[in-house]
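Reader: I have a model open and want to go through it with you. Can we start with the strands and then move on to the pocket?

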Amino acid sequence: MLQAAGRDRAAALALYVADRLAGRKLNAVYATRTERTFDTADDTAAAQAPPLEPLADFPQDDAGPTATALLGLRCQIVLVVGHSGTIPALLRLLGAPNPPGSIDQNEYDKFFEVTYGVGPTTMEVLEYGVPSP
């Protein structure tokens, strides 16, 4: 269950995604299998219409099946909500250039936009909502 600050971040994420999409819609919203990631993704999924789908929770060194599934979604707009132990490995396996080696467990304001399938894979590191402590 999210605390008040987490609920505020979830609402900020939904607004941020809507702004980034500029009228386009998400094709899918995924979250790792924790209550916090589902709660964080829920506002965005509700606003964008696709169902919120669970991702298999994976250890930091075994994000391969998830990356393979996401790489199969070329030309689609997908949001993945994960946590500090899952996102760096997933970014590496998606081929993102210069992914972070780690993410602090108290860092909640990062948004990694990875584009692949058309030209070279790119990654933009963005921030949304209230800055992390």
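Author: Strand 1 (residues 28-32) is mostly covered, with five of its five residues buried. Buried means under 20% relative accessible area, exposed over 50% and partly exposed in between, with a 1.4 Å probe and protein chains only. This is a predicted model: local features need pLDDT of at least 70, side-chain atom pairs count only at pLDDT 80 or more, and totals for chains, interfaces and linings use all residues. Residues are numbered from 1 along each chain as its sequence is written, and side-chain values use heavy atoms, with hydrogens and water left out.

Reader: Which residues of strand 1 are on each side?

Author: Ala28, Tyr30 and Thr32 are on one side, Val29 and Ala31 on the other, and all are buried. Strands here are DSSP runs (E, at least two residues) and helices are H or I runs of at least four, numbered from the N terminus.

Reader: How many bridges join strand 1 to strand 3?

Author: Four, and the two strands run parallel. Alanine 28 stands opposite valine 78 in strand 3. Strand 1 is also joined to strand 2 by four bridges, again in parallel, and there alanine 31 stands opposite proline 54. Two strands pair if DSSP finds at least two bridges between them.

Reader: And the crossover from strand 1 to strand 2, what does it pass through?

Author: Through helix 2, as a right-handed β-α-β crossover. Right-handed means that, with the strands pointing away from the viewer, the path from the first strand over the helix to the second runs clockwise.

Reader: New topic. What is the volume of the largest pocket?

Author: About 1400 Å³. A pocket is an open set of points on a 1 Å grid over the protein atoms alone, where a 1.4 Å probe fits, with protein on both sides within 12 Å along at least five of seven lines; lining residues have an atom within 4 Å of a point. The volume is the space filled by probe spheres set on the points, which are joined across faces, edges and corners.

Reader: Which residues lie nearest its centre?

Author: Leu79, Val80, Val81, Phe111 and Phe112, out of 49 lining residues. The largest share of the lining, eight residues, comes from helix 1.

Reader: Is alanine 49 buried or exposed?

Author: Alanine 49 counts as exposed because its relative accessibility is 65%.
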